[in-house]
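Thanks for coming, everyone. Please have a look at the structure on the screen, and then I will walk you through its side-chain pairs.

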Amino acid sequence: MNLTFKHCTTLFLMFGLLTLNGCGEPTADTPFETYLDRLGRTLDVGTKSVVLYQPIPRQPRPGQLRLDIPSDKLGTLDFMDLRGCELQVTIGKRNSSLGRLARDSQKLLLALEYLALAPACVEYLQAEGETELARKLEQAQRQKSDLLPALIFNATLAGEEFQALWRPTPLTGNYPTDTSSAVVTALENIHTSVGRWLAGDYSANNLTFELQLSEVSRGDAGQLWRALAHQGQWLDAANAKLKRRGPICKDNLRPESADILPNVIRKYFIDGIQPRAAMLGRRYHQLTPPIFALEALLRPDLPPDYLSWSEGRNSALGKLTQAPKQHVLQLQQALDGCHGNP
């Protein structure tokens, strides 16, 4: 059979339309759309649902959050006088052009190396009779120790990796089944290290710390927040339908909807929505504790912009994680008085 160009074009377009209409993948909205449609029909309040998606508040940019770190009290001449101290190499790295332009994570690691090596250098200088230089080094050591929380904040919570962690990436229908435990492990290890550093144990593995930060940047805290908000907004729309209908059984009358609604709840909410809601709850309790614990360690030094954003975040997440429970209460109130219903 000979086909003209026109026939081929027509067949191609028809095939494309069939593909688009017949092979649509379920989205994150699909189970909620189905549930609210069935709920509206059962309650006789209409199937149309208005869901107003609210944007997730963005974390302030790293440049807005970064804390200023003043230079220490050791000048170039003092640095030259530290011959015989291993600390001289560390100070040399910090004072180099690369050191001055280093990432905040590298500045933190150099500060930890400085704090770890300074006591031995002080002892050496005192033994050599360099008491004035030893005194100045002790002052610089105390200053560096006082600045350590700010250095840690700049390298972690205020850094690009943690901002990427909270970036609200596009929501997918299979989230959170495709998440990894690697970011949780990295966050837990960073929290443990920060606790040691603040307690005076300055040992650190540079490569390990940088790899942990890299893993954090691939984390899904922002996507989790978006998924919880998406779920909460849909359940708010379902609650609005229930409030509009009010109690189903009134004046000792039991309408047909009292028998239909439990089946709708079982099939489209319990089976269709609750399994993912439970996974989101588990992900929240996996991912957020080490972040909140790190913030608690650094709280006295957190800048106002970060405190404001994190407090708003915590309040929003606390409410969103309760959205499924609140919807169950609304369902119970709707069926209250309908004898024989679970």
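Let's start with one contact. The charged end of Lys144 sits over the ring of Tyr114, 5.2 Å from the ring centre. For this, NZ of Lys or CZ of Arg must be within 6 Å of the ring centre and within 35 degrees of the ring normal.

Some ground rules. This is a predicted model, where local features need pLDDT of at least 70 and side-chain atom pairs count only at pLDDT 80 or more, while totals for chains, interfaces and linings use all residues. Residues are numbered from 1 along each chain as its sequence is written, and side-chain values use heavy atoms, with hydrogens and water left out.

Now the overall picture. The chain has 16 helices and 0 strands. Both are DSSP runs numbered from the N terminus: helices are H or I with at least four residues, strands are E with at least two. Of the 342 residues in the chain, 43% are buried. Buried means under 20% relative accessible area, exposed means over 50%, and partly exposed lies in between, with a 1.4 Å probe and protein chains only. Take the contacts between residues at least 6 apart in sequence: 82% of them join residues at least 24 apart. A contact here means heavy atoms within 4.5 Å. The chain exposes about 18900 Å², and carbon and sulfur atoms supply 54% of that. Those areas come from the Shrake-Rupley method with a 1.4 Å probe; for residues, only the protein chains shown count as cover.

Next, disulfides. How many does the structure hold? There are 2 disulfides, each a pair of cysteine sulfur atoms within 2.5 Å. Counting bonded cysteines along the chain, the pattern is 1-2, 3-4.

Cys85 pairs with Cys121, with 2.1 Å between the sulfur atoms. This disulfide is right-handed, because the torsion about its S-S bond is about 95°. The pair links distant parts of the chain: Cys85 is in the loop between α4 (76-80) and α5 (87-95), Cys121 is in helix α7 (residues 104-127), and they are 36 residues apart. Both Cys85 and Cys121 are buried.

The other disulfide joins Cys249 to Cys338, S to S 1.9 Å. Its torsion is about 110°, so this disulfide is right-handed. Cys249 lies in the loop between α12 (221-245) and α13 (257-270), and Cys338 in the segment after α16 (323-335), so the pair ties together parts 89 residues apart in sequence. Cys249 counts as buried at 11% relative accessibility. Cys338 is buried too, at 5%.

On to the rings. The structure holds 8 aromatic pairs. Rings of Phe, Tyr and Trp (its six-membered ring) pair if their centres lie within 6.5 Å; planes under 30 degrees apart are stacked, over 60 edge-to-face, and the rest tilted.

Keep an eye on Trp166. Its ring centre is 6.1 Å from that of Trp225, and the planes are at 85°, so the pair is edge-to-face. Trp166 sits in the loop between α9 (160-165) and α10 (182-198), while Trp225 is in helix α12, 59 residues apart. Trp166 is buried, with a relative accessible area of 4%. Trp225 counts as buried at 4% relative accessibility.

Trp166 also pairs with Trp309. Here the centres are 5.6 Å apart and the planes at 80°, so this pair is edge-to-face. Trp309 lies in helix α15 (residues 304-320), 143 residues from Trp166. Trp309 is buried. Phe153, Trp166, Trp225, Tyr306 and Trp309 form one aromatic cluster.

Last topic: charges. There are 12 salt bridges. Each has a side-chain nitrogen of Lys or Arg within 4 Å of a carboxyl oxygen of Asp or Glu.

Asp104 bridges to Arg66, the closest N and O atoms being 2.7 Å apart. Asp104 is in helix α7 and Arg66 in the loop between α3 (62-65) and α4, so the pair ties together parts 38 residues apart in sequence. Asp104 counts as buried at 16% relative accessibility. Arg66, at 39%, counts as partly exposed.

Arg135 and Glu132 form a salt bridge too, with closest N and O atoms 2.4 Å apart. Both lie in helix α8 (residues 131-155), 3 residues apart, about one turn of the helix.

Are Asp220 and Arg283 buried or exposed? Both are buried. Their side chains meet in a salt bridge, 2.7 Å from N to O. Finally, salt bridges that share partners join Arg103, Glu161 and Glu210 into one network.
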